[in-house]
Amino acid sequence: MNTALSWIKAYVPELEAADQEYCDAMTLSGTKVENYERLDKNLEKIVVGQIDKIERHPDADKLIVCQVNIGSGTIQIVTGAPNVKEGDRVPVVLDGGKVAGGHDGGPLPEEGIRIKAGKLRGIESNGMMCSIEELGSDRNMYPEAPENGIYIFPDTVPVGADAVEILGMRDTVFEYEITSNRVDCYSVLGIAREAAATFRKPFVPPVVEVKENGEDVNDYISVEVKDPDLCSRYCARVCTNIKIAPSPEWMQRRLRASGIRPINNLVDITNYVMEEYGQPMHAFDLDTIAGKKIIVRRAKDGEEFQTLDEQMRKLDHDILMICDGEKEIGIAGIMGGENSKITDNVKTVLFEAATFNGPNIRKSAKRLGLRTDASGKFEKGLDPHNAQAAIDRACQLIWELGCGDVVGGMVDVCEPMKEKARIPFRPERINELLGTAISKEEMLSIFEMLEIEYDEEKGELIAPTYRQDLECVADIAEEVARFFGYDRIPTTLPTGEATAGRLSYKLRIEQKARDIVEYCGFSQGMNYSFESPKVFDRLLIPEDSPLRSAIVIANPLGEDFSIMRTISLNGMLTSLATNYNRRNKDVRLYELGNIYLPYQFPLTQLPDERMQLTLGMYGKGDFYMMKGVVEELFVAVGMKKKAVYNPAAGKPFLHPGRQALIEYEGGVAGYLGEVHPLVCENYDIGTRVYVAVIDMPFVVEKATFDRKYEGIAKYPAVSRDISMVVPKDVLAGQIEAMIEQRGGKILESCQLFDIYEGEQIGEGFKSVAYSITFRAKDRTLEESDVTAAMKKILNGLESLGIELRK
Amino acid sequence: MKEKLEQIKAEALKQIEAAGGTGAQALELLNEIRVSYLGKKGELTALLKGLKNVASEERPMVGQMVNEVRGEIEEVLAGATEKIKAAALEERMKAEAIDVTLPAKKGYMGHRHANTIALEEVERIFIGMGYEVVEGPEIETDYYNFEALNIPADHPAKDEQDTFFINGDFLLRTQTSGTQVHEMEKGKLPIRMIAPGRVFRSDEVDATHSPSFHQVEGLVIDRHITFADLKGTLAEFARELFGEETRVKFRPHHFNFTEPSAEMDVSCFKCGGKGCRFCKGSGWIEILGCGMVHPNVLTMSGINPEEYTGFAFGVGLERIALLKYEIDDMRLLYENDIRFLRQF
């Protein structure tokens with residue numbers, strides 16, 4: 001909402017504040033000023049001059065030499081402007097003055113343009129006559145300005161006067177950010193009321209008196225509202241003998257400052273009242289209305305309607321229409337129809353000021369793709385009282401500005417209006433909520449400024465109808481706080497029962513996981529939760545995989561963001577690809593983020609959100625390095641049992657010979673492996689990529705921060721090294737499982753120390769060497785203990801087809 | 001006898017002195033000297049053995065003399081050994097000097113995401129004030145994301161332009177505020193919690209927008225909680241996060257689930273409040289929204305607003321990260337270029 005400060009001051013005449021002071025005070029009382037700009041920025045030494053004489057430039061065909069009377073004397077100005085003639089009164093910037101922009105109307109330079117006396121083709125020029133663009137505005141705001149040339153004032157403007165003032169530019173335009181609960185502040189009067197309360201000055205709204213012509217409006221028009229749920233009030237008045245002309249300068253200035261282009265008196269009045277009261281109005285040419293009748297009803301599905309911007313609009317049942325006795329003449333609250341629009345030949349005008357259902361207007365405007373100033377106001381939900389106030393104001397202006405005569409009376413079709421809200425006045429409670437000790441009297445003085453009445457007998461406050469946001473004590477407390485000053489409320493810390501601050505257990509485990517993988521060189525990335533359904537193809541996931549049953553967003557930003565991920569790898573691979581394509585070497589990334597697994601379709605309960613720790617890397621390192629990270633993590637979170645790496649992981653996106661399911665205590669903690677070369681190709685990664693995905697809910701379930709001292713071995717250990725010839729398809733995991741199973745209580749550990757395939761070993765075999773350590777907790781082992789254990793182990797290994805190497 | 005002893009002593013000392021130098025060779029020589037005089041077959045030992053030929057009344061005196069000489073020689077030997085060892089050590093240290101300015105050998109550590117660093121800062125501050133860190137679901141129902149937060153059914157925030165919908169009542173949460181409701185429904189009072197998490201809004205990706213970002217929600221519910229407590233708590237938070245000299249400003253604002261509501265600005269930590277490009281000349285930077293929990297919200301979650309009051313706040317994590325670490329484009333946070341990630 002943009003408004004000139006001078007317009008606000010018109011209703012708060014005693015308001016005196018510098019621009020910055022006004023900005024700060026309004027912001028602190030709740031009417032946030034986003035920005036403000038002086039209209040006369042970079043306009044210096046500009047006066048009204050009258051061109052007394054024009055001569056041709058002796059040396060330039062396109063230049064003329066003007067003698068310009070600037071009140072205090074006459075100066076000579078050379079110009080190339082084609083449109084001036086003797087006797088014209090024009091804005092003149094004097095030697096040493098400044099203008100805001102160039103004559104081409106391009107972007108305005110920050111510091112403006114300094115004008116100095118000089119010579120043009122040898123002839124002295126002591127100033128410059130200005131176009132509207134040079135004054136920092138444009139023809140949209142000053143439609144009377146010529147398309148290409150000097151701005152020309154009417155002859156009534158005094159010579160030598162301040163041209164900037166006359167153009168209405170000695171003013172500051174403030175841009176406000178109005179919060180959605182303060183519908184009343186989307187109006188000049190609303191902001192002025194807040195300004196008055198902020199500066200504790202009287203608020204003087206316009207006095208509305210309508211001079212009527214003695215006729216009866218009911219002889220001109222009748223109104224029927226068929227859908228009162230979408231239109232709670234419809235006010236109609238009629239003005240006759242309309243004389244279209246420009247509106248007065250003061251009205252044009254105010255509209256311009258609000259960013260509205262002046263058009264003619266009738267249009268300007270409706271726009272002016274919309275800004276002033278926040279109530280959009282519509283003017284119909286009564287002579288185009290069939291049957292002297294207005295009917296407000298829903299449109300029919302599939303109907304088409306031409307709006308006054310000459311566009312055809314497709315309607316539906318939820319769009320409210322204004323109709324006459326025969327046809328539709330406007331889309332309620334959004335835009336009038338081409339068929340009833342005001343022309344310069346209008347004789348009789350029907351004014352409409354209505355209250356439409358806000359959400360319905362908002363949704364209709366969106367469906368139509370047609371958001372107008374009017375719909376922007378209606379969609380916030382207006383006070384029905386305002387409709388009458390605004391239509392009366394418009395009629396007053398019609399008569400006062402000589403635009404026409406006002407027919408007596410108003411047609412008013414109105415649903416019962418809500419009672420004014422009554423809220424118990426509880427000063428102690430307000431102080432309790434705010435932590436203040438504001439006196440009851442001070443509170444009452446604030447309410448008075450805000451036109452909140454006090455029913456002393458009942459101890460109740462009565463909110464004005466335009467304050468639909470005031471419903472309960474907390475709302476009243478905010479009013480008190482705003483005008484007492486948020487900055488004057490003390491700052492304290494909560495007292496009361498102490499509470500222990502902590503991370504949830506899940507978050508503690510996640511924090512630990514971050515620590516560990518970062519120690520291992522992995523940096524944290526973040527990816528979106530939604531992705532493209534094409535991801536499944538890129539990851540070679542089969543058509544019938546349950547992973548493809550992803551939750552679909554009904555209104556995504558695009559297909560690429562349309563499903564909630566069921567697997568975390570796409571984000572990781574995309575990130576690795578980004579790094580690979582940017583030639584970053586040795587990249588290790590991790591992500592902690594959810595996947596979303598639905599229980600059923602369509603959703604009837606929240607899906608399973610599972611936090612996944614996803615690790616990915618290329619460059620230095622291999623499968624076993626990645627496996628090491630996983631094991632470091634498990635140890636750090638107290639998962640001390642031995643994880644089993646099952647090569648039959650069945651992950652289509654991983655190298656079939658280099659993948660493993662990570663099994664722990666019979667459950668699945670995740671998987672790891674080398675990414676399938678075809679998947680790498682799909683992501684444009686030209687190197688080997690290793691990934692690991694850890695299912696964090698599983699880890700959280702198995703993790704513990706409990707630690708128990710297990711003692712340091714007192715008795716010596718005995719080691720035996722064995723070197724074996726092993727069939728190639730027997731896994732190290734099988735050998736270790738066998739050693740552990742057969743080693744008995746005294747087995748302490750077994751450590752692989754060599755693995756070899758090659759010439760000395762027969763085809764289909766590999767050489768594997770383990771160091772096996774035995775120790776007893778309570779005694780020194782006898783040779784016979786170890787021999788017996790080794791024998792069992794070797795027997796077991798033999799059953800796997802393993803022979804000791806000779 | 002005495003003369004003989006003096007002679008041996010003088011001889012030994014002379015030999016020891018001559019045995020100067022450094023290194024193992026010198027040490028070996030000293031050892032040989034020690035053996036030749038003090039060893040089992042050494043000269044002094046031989047003298048002692050010859051004591052039995054000395055008159056018995058003189059024996060103690062002679063014995064003492066021999067021992068004295070022995071002691072002297074041992075002492076000088078020890079001193080000489082020490083000196084040689086010290087010289088050797090010094091030489092070794094000199095030889096082993098390295099160029100300490102050569103590059104370090106390190107297995108490079110990974111880095112936390114800027115968002116996480118900012119989040120952990122926020123968590124540290126509030127945990128210190130007795131807050132519990134909890135989480136809520138990212139896919140939510142209309143009730144928790146809107147209705148229970150006093151947001152009416154026809155509120156513009158619920159339009160398709162702002163919220164991602166799934167089906168029926170299910171949607172991607174647009175704010176972490178729903179965790180307030182989950183926490184209150186647990187029925188355990190008082191509450192002091194923060195809830196970080198991912199939220200989603202239908203914004204196209206650009207330098208300042210992302211359809212997915214993070215918020216940290218805060219909620220305190222207890223008896224006698226006031227707006228002054230809200231101000232004090234958040235001022236403390238701002239000082240901890242942005243520095244001791246940070247000033248705060250509370251401006252009235254509107255949120256459906258709080259009343260009174262405010263937005264908090266902090267004095268620009270770049271210019272200290274004088275006004276600069278960073279704070280667009282105003283000297284202030286908008287940081288968070290906050291307010292006293294709306295009585296309707298308390299009531300809907302089963303808490304009596306006459307007995308309990310509370311305050312709530314919501315901080316945009318990316319906003320904090322962008323401001324604090326001077327990151328000029330939000331897209332960097334989700335691109336995961338290692339050169340970016342390694343800067344944190």
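Predicted model: local features only at pLDDT ≥ 70, side-chain atom pairs only at ≥ 80, totals over all residues.
**Cores.** In soluble globular proteins, nonpolar side chains tend to be buried together. In this model, the largest nonpolar core holds 118 residues. Within this core, L539(A) and L234(B) touch the most other members. Helix 8 of chain B, residues 227–242, gives the most to the core, with 8 residues. A second, separate core has 51 residues, including L15(A), F203(A), A394(A) and I398(A).

What is L539(A) in contact with, leaving aside its neighbours within four places in sequence? The list is I567(A), L569(A), N570(A), L573(A), P652(A), F653(A), V679(A) and Y683(A).

**Sheet.** Chain A has an open sheet of 5 strands, in the order 13-16-19-20-21. The pairing is mixed. Strands 13 and 21 of chain A stand at the edges with a single partner strand each, so one side of each is left without a neighbour in the sheet.

| Strand of chain A | Residues |
|---|---|
| Strand 13 | 222–225 |
| Strand 16 | 293–298 |
| Strand 21 | 335–336 |

Strand 13 and strand 16 of chain A run parallel, and 4 bridges join them. S222(A) stands opposite K293(A), which is in strand 16 of chain A.

**Loop.** Where is E415(A) found? E415(A) is in the loop between strand 24 (411–414) and strand 25 (422–424) of chain A. The relative accessible area of E415(A) is 35%. Buried means under 20% and exposed means over 50%, so E415(A) counts as partly exposed. Not counting residues up to four places away in sequence, E415(A) touches P228(A) and S232(A). E415(A) and C520(A) are 105 residues apart along the chain, and their C-alpha atoms are separated by 71 Å.

Definitions and conventions. Residues numbered from 1 in each chain as written. Chains lettered and ligands numbered in written order. Heavy atoms only, no water. Core = buried A, V, L, I, M, F, W, Y, C linked by side-chain atoms within 4.5 Å. Buried < 20%, exposed > 50% of the residue type's maximum accessible area, 1.4 Å probe, protein only. Helix = DSSP H or I, 4+ residues; strand = E, 2+ residues; numbered from the N terminus. Contact = heavy atoms within 4.5 Å. Pairing = 2+ DSSP bridges.
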